[in-house]
Amino acid sequence: MDSSTNETLPNNVENKSVRILPLVLKNVSYEKAGMRLIKDLSVTFNFGSLTVILGPNGAGKSLLLRLCHGLIKPSKGTVDWCGPKVSVPQRYQAMVFQRPVMLRRSVIANLSHSLKYRGINKAGRTQKIDNILQHTGLSRLAKVPARLLSVGEQQRLAVARAWSLDPEVLFMDEPTAALDPAATHSLENIIGAIKKSGTKIIMSTHDLGQAKRLADEVLFLYRGRLLEQADAGQFFEKPNNDLAQSFMRGELLWWNRQELKPPEQLKERRQK
Amino acid sequence: MRLFPRDLVKFKRSLAIVIVSLLLSFTNAFATNGFIVVASTTSTVNSGLFKNILPIFTKTTGISVRVLGVGTGQAIKVAERGDADILFVHHKISEVEFVKNAFGVKRYDVMYNDFIVVGPQDDPADVQNAKNVVEAYEKVAAAKSIFVSRGDESGTHKKSLEFWRTIPVDLVDSSGKWYREAGSGMGATLNLTSSINGYTLADRSTWMAFQNKGSLVVLFEGDPSMRNQYGITMVNPDRHKHVKAPLASAFIRWVISNDGQAAINSFRISGKQTFFANAASYKKNQFKNTSPKLRN
Amino acid sequence: MEIGDAFAAAMALIINFESGLAEIVLLSLQVSIIAVAIACLIGLPIGAALAVFRFPGRTAIAVILNAMMGLPPVVVGLIVYLTLSRSGPLGTLGLLYTPTAMIIAQICLVTPIIAALTRQTTEDLWQEYAEHLHSIGIGPWRAVTTLLWDNRFSLITTILAGFGRASAEVGAVMIVGGNIDHVTRVMTTSIALETSKGDLALALGLGIILLALALSVNAAAFIINDAAMKRHG
């Protein structure tokens, strides 16, 4: 798998130019049933790096990804694509969910379904599918019904399906959360290959090790707020935010979840 | 049972062929040279009369006849709405009214049989010793024996009401007690009468063809007022433009012709003549003696 | 024993296999299959669209559909009769007392069943697929076709339910078809006719044949479904 990622890649790196990036979020809030789940968040995503959104469960990682991808609309603030092809931003994005959505069809049909709706003709589809199956190690499973695959294989297929759409930006919501170490390893290799093919990856995880292995840039999210945005090297060496520090040390962050105080106050209290 | 994919494909394909051929054969059902719709009564349909005589007509003329077997009341409604070309029922008063209101062109007598009073073998109301049909009805009312009425505005129902009106009995008050309104066809009414051992007025042809008699027997018959006259009327093509007047009149001409009348007279249920042709144009004396049921 | 007589009558009908019986069975199948096919063309997209689209009055339509599953056949028959009657709005077509009229009546009876059951099963699948389909950016109508295809196995049960209602129904086809010999006489109206003639054994015998037909249609569908499900997961 490692070696295959260095060979010819399924997507044309040379032809890939910036089309929709950067993605700019300004003062984005998201409320549901009277609860503010994303709070006044501003961030810019640029081309080229792999961004990992880090944070404990309930921090709003999944919501942030969905807001960026356009699956949900912000209650306040704006989500804007600022590249040259912004009229059809959906066309250049794809997303992989924590629980893979498998159509009740074969592996090939799962791939072909989304390609078809992107307007790729049959010959083009066949070629793309062959290529992507090889690069994700799914060739021998091509005709198997997707629902009969193992969880690891299903998630690999979900990633392959997203990759086949040749997105400029690929969102991944805790893609390895349900996988065992071996399946996680093989999926991380594929993620690396996708990054090399020139796709901007924005993924969430609560797995520090995975973040260290993959991230170029880290966003630390806690209870709906963006507490830190930093280069991976700098973040893992010494995060500025104290909650990020304790998260890095493996401390449990839920002890103060019932309190509705903003982190600034918590910071003060902890310093006392 | 395990079907391999290839078998499955074959199976699906043959299933598709079966379905397509089903649909194709369906078009044949519509392909008729010409047909007419006759609104008639259950008695003529259920007894098998039409099944017997229609093939003769169709063979000689190429016209197929679609017969609707409903109660006389409903048949008249159907004809009034223009949903039939011909009305062939058995309640002369209503038929004359139908023609008078310009729904029909002209009414012809076709045939008759008779009504009978059937009831349980042990005859608790002693109907079998009545002198006439009105007395038979009086006996049922006096004994408060169960009487099942069609209650569906059919010819038989209308006839039965004619008899009831001649005696002082409050049917509205008795309804649900000993007087039961079935609200259904002759057959269903006979099924009901048989299961609750009641009395009812039936037309002889339906009775003869009926197979669930149980303990029911014919208890009273032969009163001249129990004669059951059938008539045929063409629906007025001036009122309903689509009425196939030429085909319809061909059928009427045949029914009252010697051929048609002979066909009616030759129809038998268990060896017995059921309907007696009496169209005005037909030689009446030919069957005078074959009609023993009506004492005059 | 009358039940015994009924089985004897059913066996005799099958062994002798009169052309009259074949004609009636064939017409029953034709009418019901065509009616169910057309009801599917209407009901499947409507049901799936109700699952996918969000619009005001959607719940009301779903409730009405559910209620219409229990429409009394006689009422449907009467409405179709009054519509197709020569004195009715579509009288000029001259469809009353034809198999086409029976098909129309059965379509009215079956479409709500297919639409309502399709909505229910498709809604579950839509919950599962919604984010993925939104993510790849396909429109709602494309979503409907995707859902219908992926839900095909549970939809077979839905279609069979519709076929069951169509083939077992007597009230509506009696009114609009008229139970005319060789033209609109089907299994159920024959059963009603034989009952009214007091030939209960023959009526029950025909009923047994109708049951056997329903059984074989369901068994065939089950076998196809089972084999296909094993292949597709």
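**Domains, chain contacts and a sheet in the predicted model**

In chain B, the domain assignment gives domain 1, which comprises residues 35-113 together with 229-282, and domain 2, which covers residues 114-226. The model described here is predicted, and the centres of domain 1 and domain 2 of chain B, taken over C-alpha atoms, are separated by 26 Å. Between these domains, 20 residues of domain 1 of chain B are in contact with 15 residues of domain 2 of chain B. On the side of domain 1 of chain B that touches domain 2 of chain B, the elements giving two or more residues are helix 2 and helix 4 (72-80) of chain B, and the largest share, three residues, comes from helix 2 of chain B. By class, this side of domain 1 of chain B has four nonpolar, 15 polar and one charged residues.

Chain B also meets chain C, with 31 residues of chain B in contact with 26 residues of chain C. At least two residues of the side of chain B that touches chain C are supplied by each of helix 1 (5-30), helix 2 (42-46), strand 2 (64-70) and helix 9 (186-196) of chain B. Helix 1 of chain B provides the largest share of that side, seven residues, and the residues of the side as a whole divide into 16 nonpolar, eleven polar and four charged.

Chain A likewise touches chain C, and here 18 residues of chain A are in contact with 15 residues of chain C. Strand 5 (93-96) and helix 2 (107-117) of chain A are the elements that give two or more residues to the side of chain A that touches chain C, and helix 2 of chain A contributes the largest share of this side, three residues. The residues on this side of chain A divide into ten nonpolar, four polar and four charged.

Within chain A, three strands form an open sheet in the order 2-1-4, with antiparallel pairing. Strand 2 (35-45) and strand 4 (76-81) of chain A stand at the edges and each has a single partner strand, so one side of each is left without a neighbour in the sheet. From one strand to the next, the twist averages 20°. Strand 1 (residues 23-32) of chain A is joined to strand 4 of chain A by five bridges, the two strands running antiparallel, and A:Val24 stands opposite A:Asp80 in strand 4 of chain A.

Terms used
Residues are numbered from 1 along each chain as its sequence is written. Chains are lettered from A and ligands numbered from 1 in the order in which they are written. This is a predicted model: local features need pLDDT of at least 70, side-chain atom pairs count only at pLDDT 80 or more; totals for chains, interfaces and linings use all residues. Two residues are in contact if their C-beta atoms, placed from the backbone, lie within 7 Å. Helices (H or I, at least four residues) and strands (E, at least two) are DSSP runs, numbered from the N terminus. Ala, Val, Leu, Ile, Met, Phe, Trp, Tyr, Cys and Pro count as nonpolar, Asp, Glu, Lys and Arg as charged, and the others, Gly among them, as polar. Domain bounds come from an automatic or database domain assignment. Two strands pair if DSSP finds at least two bridges between them. Axes are lines fitted to C-alpha atoms, for helices over the stretch in contact, and angles run from 0 to 180 degrees between N-to-C directions.
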